[in-house]
Amino acid sequence: MKKYVIRSIKYFAQLVVLISLCYVLIAVTHIGGEGRSVGEIFSAQFLSSRGYVMLIALALLSAAYPAFGYVRREVKAGLGSDREEIVRAMAVEGFGIESETGSEISFRADNLAKKLIYLWEDRIVISALGDERIVIDGPRRACVHLEYRIRGYVQNR
């Protein structure tokens, strides 16, 4: 539950920063009208009833995000027999090995940009699920990309 709340707060902060950057661009490019300062645009957008509704909508979206933003995907591959293909697929996607046990390999993003995009929630754990099945657990976007990449590598070796 603690991880869920932290992910929600991080996502809310990311959304607020992105929207704020949009408002700064509006002020700098004078799309919002000549002579309006950044402060005036912020107060009009965030300190009005429209702004409160937007912040509530962002909070609701952020609260729901961890439920659909992180997944577990099963792939037909062996952690032992297909380890080379799995590690190669992870490297191509920009992830390196963080730790490894007999039935699990944990990966983290290799570069700062990818860590920032994932808000430092960039850990992907691949676990053995029987003899020839693995489970990929982590951010949805990365897991879906890895699922198809690992399947392709395992089928075409």
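Visitor: Is Ser8 buried or exposed?

Guide: Ser8 is buried, at a relative accessible area of 11%. Buried means under 20%, exposed over 50% and partly exposed in between, with a 1.4 Å probe and protein chains only. The model is predicted: local features need pLDDT of at least 70 and side-chain atom pairs 80 or more, while totals for chains, interfaces and linings use all residues. Residues are numbered from 1 along each chain, and side-chain values use heavy atoms, without hydrogens or water.

Visitor: Where is Ser8 found?

Guide: Ser8 belongs to helix 1. Helices here are DSSP runs of H or I with at least four residues, and strands are runs of E with at least two, numbered from the N terminus.

Visitor: And what is Ser8 in contact with, leaving aside neighbours within four places in sequence?

Guide: Ser62, Ala63 and Pro66. Contact means heavy atoms within 4.5 Å.

Visitor: Which residues of helix 3 does helix 1 meet?

Guide: On the helix 3 side, the list includes Ser62, Ala63 and Pro66, along with Met54, Leu55, Leu58 and Tyr65. On the helix 1 side, Ser8 is joined by residues including Tyr4, Arg7, Tyr11, Phe12, Leu15, Val16, Ile19 and Tyr23.

Visitor: At what angle do helix 1 and helix 3 pack?

Guide: Helix 1, residues 2–29, packs against helix 3, residues 49–69, at about 140°, and their axes are 8 Å apart. That makes the two helices oblique to each other. Angles under 35 degrees are roughly parallel, over 145 roughly antiparallel, 65 to 115 roughly perpendicular, and the rest oblique. Axes are lines fitted to C-alpha atoms, for helices over the stretch in contact, and angles run from 0 to 180 degrees between N-to-C directions.

Visitor: What about helix 2 and helix 3, how do they pack?

Guide: Helix 2, residues 38–46, packs with helix 3 at about 70°, with axes 5 Å apart. Helix 2 and helix 3 are therefore roughly perpendicular. Ala44, Gln45 and Phe46 of helix 2 make the contact with Arg50, Gly51, Tyr52, Met54 and Leu55 of helix 3.

Visitor: Changing topic: what order do the strands have in the sheet?

Guide: There are five strands in an open sheet, ordered 1-5-4-3-2, and the pairing is antiparallel. Pairing takes at least two DSSP bridges between two strands. Strand 1 (70–75) and strand 2 are the edge strands, each pairing on one side only. Ignoring direction, neighbouring strands are turned by 25° against each other on average.

Visitor: What joins strand 2 to strand 3?

Guide: Five bridges, between antiparallel strands; strand 2 covers residues 95–100. In one of the bridges, Ile97 is partnered by Phe107 of strand 3. The two strands form a hairpin, with three residues between them.

Visitor: How many residues of strand 3 are buried?

Guide: Five of the six, so strand 3 (residues 104–109) is mostly covered.

Visitor: And how many bridges join strand 3 to strand 4?

Guide: Four, again antiparallel, with strand 4 spanning residues 124–128. Ile105 sits opposite Ile126 of strand 4.

Visitor: Over how many bridges do strand 1 and strand 5 pair?

Guide: Strand 1 pairs with strand 5, residues 134–139, over six bridges in the antiparallel sense.
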